[in-house]
Amino acid sequence: GQRSREAQAVMNLMIANPLRVRWVHWQQAAVLSQPLLNARPSSHSDSASEGAGRPGHSSALEGVAGRRAFARTQLYKQAAISHIELLVPTVETARVSWLMRALTANEASVLLVGPSGSGKTLICRDAGALKRMAAAGCIATAYFLCARTQVGELRTFLERKLEHAAFGVLRPPASAFAVSLLLDDLNMVKPDAHGASPPLELVRQLLDNKGWHSRQQGKPGFSWRTIERVHTRATLAPAGGARYPVSERVLRHFCVLACPPLNDEAMTTIYTSAFADPLARSWAPRIVAATISLYKATVEHLRPSIAYPHYTFNPRDISRVVQGVLVAPSEQLEKAGCAPRLWWHECSRVFADRCNTPEELFWFGSLCAPLVRAHFGEEALLQMPRRAKGAAEGSRLGRGTSFAQLIPRDLPGIFA
């Protein structure tokens, strides 16, 4: 009926937009837009009567055009937020992905090593890679290890993905050729009192002997089970903190590929493409460049220590800032001074909320003026808030501090 035609019109408008994000599945646009269209008034008269009692009701949301604009805005938000969880191809990710495909095609075990935020898990779980696996008859599954992972949990998880082909033999289901097992955060498993990691020893036994000892239901003791056509991939971050060294007996079975940290060009490409809405896209280069500069300064100044172990920053913090900016209606970004104020607020929530001392908070606030002046201009700097007169430095500062309180009033060259 009318609702389906309106949803189809919204979908056609999204598909015709040349600025769309190509890796978002727009086939879900009709499903997503249907409840949004139903949430708005069904006619112009209903819209007028509903908005009459609300002050400041915008006439742009009245009628079919308003409902379409509202649904289009929500679709852009959904596309931008979903984009953070998807892989944006860069030069390094393309190289690593090609090498991983070549190795797994020859049934080799692959280990991706790199710092947090370098895209190891996204490379392994890329939608394109999963589609190629499905076309080749391979079932992709993932197991996320942690400090409390037990060996029985990992054994049961994989055995449920397989079928009993013969006595003591486990194979993939008849509809699949192989099973691709992803072990995320391989060195998160905490060693026991003797220094051994039973879950990792189970993985070593699988790679070394193509099977393991498993307990049969209703029978005492263990029996050997041969496991066939299971390909293993894993990710690993440098040891330190809550990550532990992995035994060489386990690592020797993997082909190790390095995922280097993202450089400025790669981060700019990734996070700029998250701005799918044309109204917000004009702010993308400035917001992303300012966030990257703030991130690099924070990483350089706030280093983790025994007293402050939470000073660990990675590119995921940039994605949190971008997501926070994209939650705001794109029309608000057109108002004078709104975009820089919103950006600084999100940066304060992501970075400044980790500061423990007033000195660190005011150091963070001192970054506002040079960053806003360099990326948003002098006029935007005049629109930024400032601390009220008479407010003592260090007073009422803590978690959730207003971003206006972080800007020292007496710093030279910040405000007139």
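User: Which residue in β8 stands opposite S180?

Analyst: This is a predicted model, in which local features need pLDDT of at least 70 and side-chain atom pairs count only at pLDDT 80 or more, while totals for chains, interfaces and linings use all residues. Residues are numbered from 1 along each chain as its sequence is written, and side-chain values use heavy atoms, with hydrogens and water left out. Strands β5 and β8 run parallel and are joined by five bridges, two strands being treated as paired if DSSP finds at least two bridges between them. Within β8, the residue opposite S180 is H231.

User: Is H231 buried or exposed?

Analyst: H231 lies in strand β8, where helices (H or I, at least four residues) and strands (E, at least two) are DSSP runs numbered from the N terminus. Leaving aside neighbours within four places in sequence, H231 is in contact (heavy atoms within 4.5 Å) with T104, E107, A178, V179, S180 and L181. The classes are buried for under 20% relative accessible area, exposed for over 50% and partly exposed in between, with a 1.4 Å probe and protein chains only. Because its relative accessibility is 15%, H231 counts as buried.

User: In what order do the five strands form an open sheet?

Analyst: The edge strands are β2 (138–144) and β9 (255–258), each of which pairs on one side only. Strand β1 (residues 110–113) runs parallel to β8 (residues 230–236) and is joined to it by four bridges, with L111 standing opposite A234. The pairing in this sheet is parallel, and the order of the five strands is β2-β5-β8-β1-β9.

User: What angle does the direction of helix α8 make with that of β2?

Analyst: Axes are lines fitted to C-alpha atoms, for helices over the stretch in contact, and angles run from 0 to 180 degrees between N-to-C directions. Helix α8 (residues 151–159) packs on the sheet, touching β2, β5 (178–184) and β8. With the direction of β2, that of α8 makes an angle of about 165°.

User: How far from E360 is the nearest side chain of opposite charge?

Analyst: E360 is found in helix α16 (residues 358–365) and, not counting residues up to four places away in sequence, touches L302, Y311 and C355. Lys and Arg count as positive and Asp and Glu as negative, with His and the chain ends not counted, and a salt bridge needs a side-chain nitrogen of Lys or Arg within 4 Å of a carboxyl oxygen of Asp or Glu. E360 is buried yet has no salt bridge, and the nearest side chain of opposite charge, R354, lies at a distance of 11 Å.

User: Which helices do the buried residues of α16 pack against?

Analyst: Helix α16 is mostly covered, with six of its eight residues buried, namely E360, L361, F362, W363, F364 and G365. These buried residues pack against α13 (284–301), α15 (338–350) and α17 (368–375).

User: What separation do the C-alpha atoms of R341 and V372 have?

Analyst: R341 lies in helix α15 and, at 34% relative accessibility, counts as partly exposed. Although R341 and V372 are 31 residues apart along the chain, their C-alpha atoms are separated by 9.4 Å.
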